[in-house]
Amino acid sequence: MELITAPNLEAADDFYEALIDAHRDLDADRSQALNARLILLLANHIGSQRVLLDALAAARGAAR
Amino acid sequence: MNLKELAARKGEPVDYQSLVFDYHRSPDQAAATPVRRPAAVVGAGPVGLSLAIDLAQRGVPVVLLDNDCTLSTGSRAICFAKRTLEIFDRLGCGDAMVDKGVSWRVGKVFLRDEQVYSFDLLPESGHARPAFVNLQQYYVEGYLAERAAALPLIDLRWKNTVVGIEARDDHAALAIDTPDGPYRLEADYVAACDGSRSAVRRLMGLESRGRTFKDRFLIADVRMRHEAPAERWFWFDPDFHPNQSVLLHRQPDGVWRIDFQLGWDADPEQEKKPERIIPRVKALLAHSAMKDVDFALEWASVYTFSCLRMDGFRHGRVLFAGDSAHGVSPFGARGANSGVQDADNLGWKLAAVLQGQAHDALLDTYAREREFAADENIRHSTRATDFITPKSTVSRLFRDAVLELSRTHAFARTLVNSGRLSTPSTLAHSPLNTPDKAPFAGAMVPGALAADAPVTLPDGRRSWLLQQLGAGFTLLVAGDGPAGLDDIDGHGLPLKRLRVGLDIDDVDGLLARRYDLQPGTAYLLRPDQHVCARFRNACAADVDAAIRQALALA
């Protein structure tokens with residue numbers, strides 16, 4: 001499986017709002033910690049090492 | 001004392017830490033021209049002693065040089081892995097180690113006072129040896145020294161300090177200091193087993209390079225009556241030692257290893273003082289069921305560590321093994337264990353070269369295989385260290401996130417890394433392997449260490465596969481084996497034929513399962529018990545070619 005970069009979210013705007021909402025009332029440190037937990041949870045859900053490495057590369061701006 | 005006296009005291013309890021061995025003047029010291037010996041091993045620690053015993057058992061006379069006259073002071077390395085115990089079996093002292101050691105296989109990891117992860121290092125039965133024993137290094141060295149004392153081919157020279165080495169094309173020349181003054185000695189090959197501050201390495205202008213970790217740890221070995229299972233317990237951020245990690249481990253004689261992370265800013269001189277250590281131990285006990293138990297401090301050490309290795313483990317006639325060649329953090333018990341495994345790899349190869357059964361090129365494969373193993377050990381060790389001692393803000397952030405999630409989410413527990421404990425390397429890319437020509441299931445790929453299994457002998461006695469393997473090559477065959485089997489020879493090394501159903505019985509069916517045996521299947525095992533070839537229907541010529549490959553004669 002390849003990293004999906006085409007639109008794939010069921011409800012893009014709703015997700016984005018929920019993401020920002022999840023950080024409400026958190027200071028920078030707690031926000032960072034939340035993001036770290038979120039990344040780990042999502043990474044485990046994805047599972048595929050290849051997809052994860054592609055995502056890391058894309059996030060660093062090195063992909064394609 | 002004399003080494004022979006130690007052997008005579010076998011069976012009595014011995015305080016190995018207090019033994020002082022006599023220096024004896026060797027006739028070599030009076031020789032007008034330097035005497036040439038086949039093999040000199042520098043350093044009589046666990047690695048040097050293991051190598052000397054292995055060489056002597058194979059008929060090679062060994063000069064074993066040590067700059068001191070005592071065994072290990074302090075417990076130091078305490079965790080000896082299943083593979084190391086199997087090597088000690090081959091060296092004739094495995095029973096002593098296992099009988100005295102505390103056997104264990106379960107590790108538990110706590111976040112604050114809650115268990116978040118546990119691991120079982122040997123979840124299946126049918127192996128002669130336990131996953132690990134904990135045993136103070138002075139016992140390990142003591143039992144090895146007793147074994148060495150029984151081997152006349154070992155010439156152990158205490159208080160012989162190597163102060164010069166010259167590597168020549170066909171030998172190495174050593175300059176050695178003794179209480180009687182200096183002398184010179186030549187050896188066809190020198191094995192430098194002289195530890196992390198190797199004098200041989202320094203004298204040759206070589207380096208071991210890598211990463212040093214900016215953290216300090218305190219080892220407190222404490223003698224006390226403490227009731228807890230023989231398990232490895234590791235805490236992240238416990239209430240009794242906040243923001244740091246703690247490791248608790250049981251040793252023989254009622255001694256407990258406690259390893260406190262202190263942080264980089266701790267003052268090593270201050271932290272070594274009993275008045276600083278005792279409150280730390282009391283704080284730990286106050287959180288256990290043993291609040292008021294009396295204890296005595298046995299040994300303490302404050303340490304930092306590095307993960308490093310030499311670029312090459314072979315420099316002409318000089319071979320490096322153990323801490324001289326590579327260093328790891330202690331989390332994972334990969335230091336002494338990998339050193340003994342170096343000796344295991346080097347022993348048969350050096351013997352084969354010295355006895356003319358193989359060319360010098362076989363020794364290149366020692367370096368290649370053990371450099372590969374060192375990289376694997378360093379990788380595991382570095383990952384554990386990065387988890388225990390995060391190097392950056394973001395590394396700490398993810399570490400804490402993993403620990404936090406591990407309380408409620410099973411997946412995060414697999415990321416908790418308090419040390420991945422020593423397992424033998426599978427030498428999958430070794431040039432000594434013969435590639436498979438037929439499909440096989442299971443883990444016994446060429447390069448893998450032979451897995452143990454229970455067997456029975458023709459007279460009905462129970463035994464273990466590994467204890468039935470030969471000192472040279474072993475051909476493990478399901479059934480009668482290939483035509484002409486009896487005519488195959490080991491190219492000068494012994495070749496033991498082990499026919500399943502004839503020489504050994506696969507009493508529980510585990511041998512067939514672990515090796516995916518079918519009628520006619522054959523495995524060729526190296527003298528160090530690694531698989532080097534396997535066949536579904538071998539002919540004698542195939543086996544002969546595989547033996548030549550394994551001796552680097554191909």
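These legends describe close-up views of a predicted model. Local features need pLDDT of at least 70 and side-chain atom pairs count only at pLDDT 80 or more, while totals for chains, interfaces and linings use all residues. Residues are numbered from 1 along each chain as its sequence is written, and chains are lettered from A and ligands numbered from 1 in the order in which they are written.

**View 1. Chain A holds three helices and zero strands.** Helices (H or I, at least four residues) and strands (E, at least two) are DSSP runs, numbered from the N terminus. Starting at the N terminus, the order of elements in chain A is α-α-α. The C-alpha atoms of chain A fill a box of roughly 35 × 25 × 20 Å along the principal axes. The radius of gyration of chain A is 13 Å, whereas a compact globule of 64 residues would have one near 11 Å. This radius is taken over C-alpha atoms, and the globule rule is 2.2 Å times the number of residues to the power 0.38. Buried residues make up 3% of chain A (buried: 20 or more other C-beta atoms within 10 Å of the residue's own, with C-beta atoms placed from the backbone).

**View 2. Helix 2 of chain A crosses helix 11 of chain B.** Two packed helices are described by the angle between their axes and the distance between the axes. Here the axes of helix 2 (residues 28–46) of chain A and helix 11 (residues 393–406) of chain B come within 9 Å and cross at roughly 65 degrees. Helix 2 of chain A is therefore roughly perpendicular to helix 11 of chain B (65 to 115 degrees). Axes are lines fitted to C-alpha atoms, for helices over the stretch in contact, and angles run from 0 to 180 degrees between N-to-C directions. Among the residues that make the contact are A36(A) and L40(A) of helix 2 of chain A, and F398(B) and L405(B) of helix 11 of chain B (contact: C-beta atoms, placed from the backbone, within 7 Å).

**View 3. Helix 9 of chain B packs with helix 10 of chain B.** Helix 9 spans residues 336–354 and helix 10 spans residues 362–388 of chain B. Their axes lie 9 Å apart, at an angle of about 170 degrees. Helix 9 of chain B is therefore roughly antiparallel to helix 10 of chain B (over 145 degrees). The contact includes L346(B) and L350(B) of helix 9 of chain B, and Y366(B) and R370(B) of helix 10 of chain B.

Technical notes:
Angles under 35 degrees count as roughly parallel, over 145 as roughly antiparallel, 65 to 115 as roughly perpendicular and the rest as oblique. A crossing is left-handed if the near helix is turned anticlockwise from the far one by less than a right angle, and right-handed if clockwise. Two residues are in contact if their C-beta atoms, placed from the backbone, lie within 7 Å. A residue is buried if 20 or more other C-beta atoms lie within 10 Å of its own, exposed if 12 or fewer, and partly exposed in between; C-beta atoms are placed from the backbone.
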